[in-house]
Amino acid sequence: MVQYCWEKDVQAGMVSETIIRACKNKKLSCPNMYFWSVMKMIQIYGTAFKDVTGICVETEKLKAVFLPQYGAKLASLIYKKDHYEILAQDESKAYLPQSKNSMYIENEVSAVDDLFPTIDPCRTGFADNAEYPCHGETLRFPHSYTIEGDTLTMAFVSETFGYKFIKHVKEGECGGITVAYSITNLAEEDFPCIFGLHCMLTAEQGGKVLSFERPGDAVIMFDEDGQFGKPLQNVQLSDKMLISDAFDKNGNAYKYYLCKEKTVGKCGYYNPVINKNIILSYDGNALPYLGVWMNNGKFKGMYNAALEPCTAPYDSPANAREKGYNFIIGKGETYSVDITFNVEDSV
C-alpha cells in the first residue's frame, strides 16, 4: 500500500476531499494518514551488514536489516528522513556472531535480539532439565527464510527444547515495520519460558524512556553504581531512572522491571537528537511487563536505552515462577504477538 500524508496531498490537488472524508469515516487507526491502493511501498532485498549478509526490509519511513543466518536478529533500523541509526551498535567492524555455547556478552550485543526461552541461564526441569542458555536459544542459531510478496519469513526449530519459532516481517501502519511472532510448543509437556525483546536503542543525553504511565514501583535487577537501589529492591520509579545521563566510559548501567501488568501495549524512548519518539507497540495482554536497561557507558563502552517488553519479569522463568509470575506455553499450543517499530512526532 502507498501511504500519503493527506493534508499535504489535498493541498497539492492529488487527492479529493471526497476520498479524505471516506477514509476518515472508516476510522483508520493511523492519525492523519490514509491508505490508497496504488503500489506496494515495502521493499525486501539482499544487503550487507558489517562483513555479513542480511535482508533489508524498507518502507517509506524506515530501513531495517535482519540477519537470518545469525538468529534472525534485527541488526539495524534507520530512520530515513534523518539517516539516523535508531539501534545501538557494537563498535566492532566485524560482526561477532553468537553460537550454541558462546558467552553472550563476549560477542555481538547490540540492536534487537529475541529473548527466548529465558534471559538468565536456568533450569526448570523441562526438556530433561536442559539448561536454558544465557539470553535464550533462538539468537544463537541460523533461521531458514523465505520472501513471498511483501513478507519476509524466518523460522527456527529447536532440537533441544522442541519448539518452532517463526517471525513474519511486513510493513506496519504509518510506515512502521511489524514483526509477527509465533512460538509453537512441539514437546509433550508444558513449556515454562519467557519471551521478550532485547531492544537496545541508541541513547542520547537527555533522552527519556516512555513508560506511558505504567503503574507501580520498579524492581531493581542490577545497578552498577548503587544509584537507585540494590538487586531485587522495590523502589519508587523516578524520572531520573528514565533519563539517559551524559555518556561516560564509567557511566552507570542499571536495569529494572515494571512488574504491574499493563494491557495497553506501548513503550518507547524520546530521542532529542531527532526530536522524535521511538515507539514499540503490541498487544499488552501478550507482553504485560516491561524491563528497562539503561547503559551510560559502563557496559562495553556502549550508550543505550534498552526496552524489554516481556511475558514475565525477573530475567528467567525459574526466578519468575518463584516470584509468582508463571508463564508457560502448553503442550501443542502456540503463543503469538505482533510488535511494530515506528518513529512518531514527540508531543
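Here are some notes on the predicted model shown above, point by point.

1. **The overall make-up.** Start with the inventory: five helices and 24 strands in the chain. There are 347 residues, and buried ones make up 55% of them. The accessible surface comes to about 15400 Å², and carbon and sulfur atoms account for 49% of that area.

2. **Contacts along the chain.** Take the contacts between residues at least 6 apart in sequence: 64% of them join residues at least 24 apart.

3. **The cysteines.** Is C199 buried or exposed? Its relative accessibility is 0%, so C199 counts as buried. C134 gives another reading: its relative accessible area is 23%, which makes this cysteine partly exposed.

4. Have a look at strand β10, residues 151–157. Why can we call it largely enclosed by the rest of the structure? Because six of its seven residues are buried.

5. Strand β9 covers residues 144–148 and pairs with β10 in the antiparallel sense, over five bridges.

6. On to strand β11, residues 163–171: it runs antiparallel to β10, and six bridges join the two. Here a pair to look for is L152 with its bridge partner V169 in β11. This hairpin has five residues between the strands, and G162 takes a positive phi near 70°.

7. **One asparagine worth a click.** N304 is found in strand β22, which spans residues 304–310. With a relative accessibility of 0%, N304 counts as buried. What does N304 touch, leaving aside residues up to four places away in sequence? The list is A88, M200, L201, A203, W293, M294 and N295.

8. **The second largest pocket.** Now for the empty space. Rolling a probe the size of a water molecule over the atoms shows where such space is left. The second largest pocket has a volume of about 460 Å³. It is lined by 23 residues, and those closest to its centre are D120, H135, F222, K255 and D315. Which elements each supply at least two residues of this lining? They include the strands β16 (218–223) and β18 (253–258), along with helix α5 (317–322).

9. **The cavity.** A search of the whole structure finds one cavity of 30 Å³ or more. The space in the largest cavity is about 50 Å³. Which residues line the largest cavity? Y70, K73, Y95, Q98, E108, D113 and L139 do.

Technical notes:
Residues are numbered from 1 along each chain as its sequence is written. This is a predicted model: local features need pLDDT of at least 70, side-chain atom pairs count only at pLDDT 80 or more; totals for chains, interfaces and linings use all residues. Side-chain values use heavy atoms; hydrogens and water are left out. Buried means under 20% relative accessible area, exposed over 50%, partly exposed in between (1.4 Å probe, protein chains only). Helices (H or I, at least four residues) and strands (E, at least two) are DSSP runs, numbered from the N terminus. Contact means heavy atoms within 4.5 Å. Accessible areas come from the Shrake-Rupley method with a 1.4 Å probe; for residues, only the protein chains shown count as cover. Two strands pair if DSSP finds at least two bridges between them. On a 1 Å grid over the protein atoms alone, a cavity is a set of points where a 1.4 Å probe fits but cannot get out, and a pocket is an open set with protein on both sides within 12 Å along at least five of seven lines; lining residues have an atom within 4 Å of a point. Grid points are joined across faces, edges and corners, and a volume is the space filled by probe spheres set on the points.
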